[in-house]
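Biologist: I'm new to this one. Can you put it up and walk me through it?

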Amino acid sequence: GAGVSAALAASAVAAGAAALAVAVAASEAAARRGAGDMRIGRIARHLTCSARRTRSHFTPAVLAEIEAAIGAAEAQHAGEIRFAIETALPVHVLWHDLSPRSRALELFARLHIWDTQANNGVLIYVLRADRAVEIIADRGINERVSAAEWELVCREVETHYRAGRYAAGSRAAVAGVARLLALHFPAERSSGNELPNQPILL
């Protein structure tokens with residue numbers, strides 16, 4: 001009768017809800033395993049990425065090219081550029097899943113790139129183990145240059161690096177930053193070279 005039908009319907013709903021709960025739990029467990037696998041894979045990548053290899057890519061000649069490019073670029077705009085290259089991150093940092101961008105923000109502060117008279121400092125950061133490039137600009141620049149514009153420069157540089165063109169990629173990084181700074185911050189009376197032009201290997 002109607003009572004039996006209602007009971008069957010309620011039973012079917014309960015069974016469906018239980019099956020859905022099991023499926024959601026399984027999905028969440030798989031996502032956690034996937035995230036854990038990705039984290040372990042990233043840690044392994046950083047552990048096997050050597051500073052010696054970084055120096056073989058960013059040779060003294062390449063570093064000198066970067067320094068010269070920054071010097072030439074800063075004559076075209078009112079910005080200050082720093083270039084930092086890091087081989088890999090420590091395991092304890094990786095376990096907390098620090099992103100390349102978060103690391104770049106840390107270095108922006110540590111290297112005092114924020115400490116310019118016109119708030120016009122820019123960091124180009126390369127994290128080789130992640131094959132990542134990040135650009136961090138001070139607030140005086142970010143008011144005029146969008147995140148999407150910086151992102152285009154980063155992706156172009158990463159394409160060069162993936163192909164093994166480290167000198168070309170580094171020049172493209174400096175040129176891309178300089179192009180945007182010259183557009184929005186043309187050269188004016190200078191307050192001097194406030195940040196070192198020499199790239200830093202961390």
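Biologist: How many bridges join β2 to strand β3?
Modeller: 6 bridges join them, and the two strands run antiparallel. Strands here are DSSP runs (E, at least two residues; helices are H or I, at least four), numbered from the N terminus. Two strands pair if DSSP finds at least two bridges between them. This is a predicted model: local features need pLDDT of at least 70, side-chain atom pairs count only at pLDDT 80 or more, and totals for chains, interfaces and linings use all residues. Residues are numbered from 1 along each chain as its sequence is written, and side-chain values use heavy atoms, with hydrogens and water left out.

Biologist: Which residue stands opposite Ala132 in β3?
Modeller: Leu127 does. The hairpin of β2 and β3 has 4 residues between the strands, and Arg131 takes a positive phi near 50° there.

Biologist: And in what sense do β1 and β2 pair?
Modeller: Parallel, over 7 bridges. Ala84 stands opposite Tyr125 in β2.

Biologist: How many residues of β2 are buried?
Modeller: 7 of its 7. Buried means under 20% relative accessible area, exposed over 50%, partly exposed in between (1.4 Å probe, protein chains only). Gly121, Leu123, Tyr125 and Leu127 point one way, while Val122, Ile124 and Val126 point the other way.

Biologist: New topic. Where is His57?
Modeller: His57 is in helix α2, residues 51-57. His57 counts as buried because its relative accessibility is 17%.

Biologist: What does His57 touch?
Modeller: Val62, Arg128 and Tyr166, not counting residues up to four places away in sequence. Contact means heavy atoms within 4.5 Å.

Biologist: How many helices and strands are in the chain?
Modeller: 8 helices and 4 strands.
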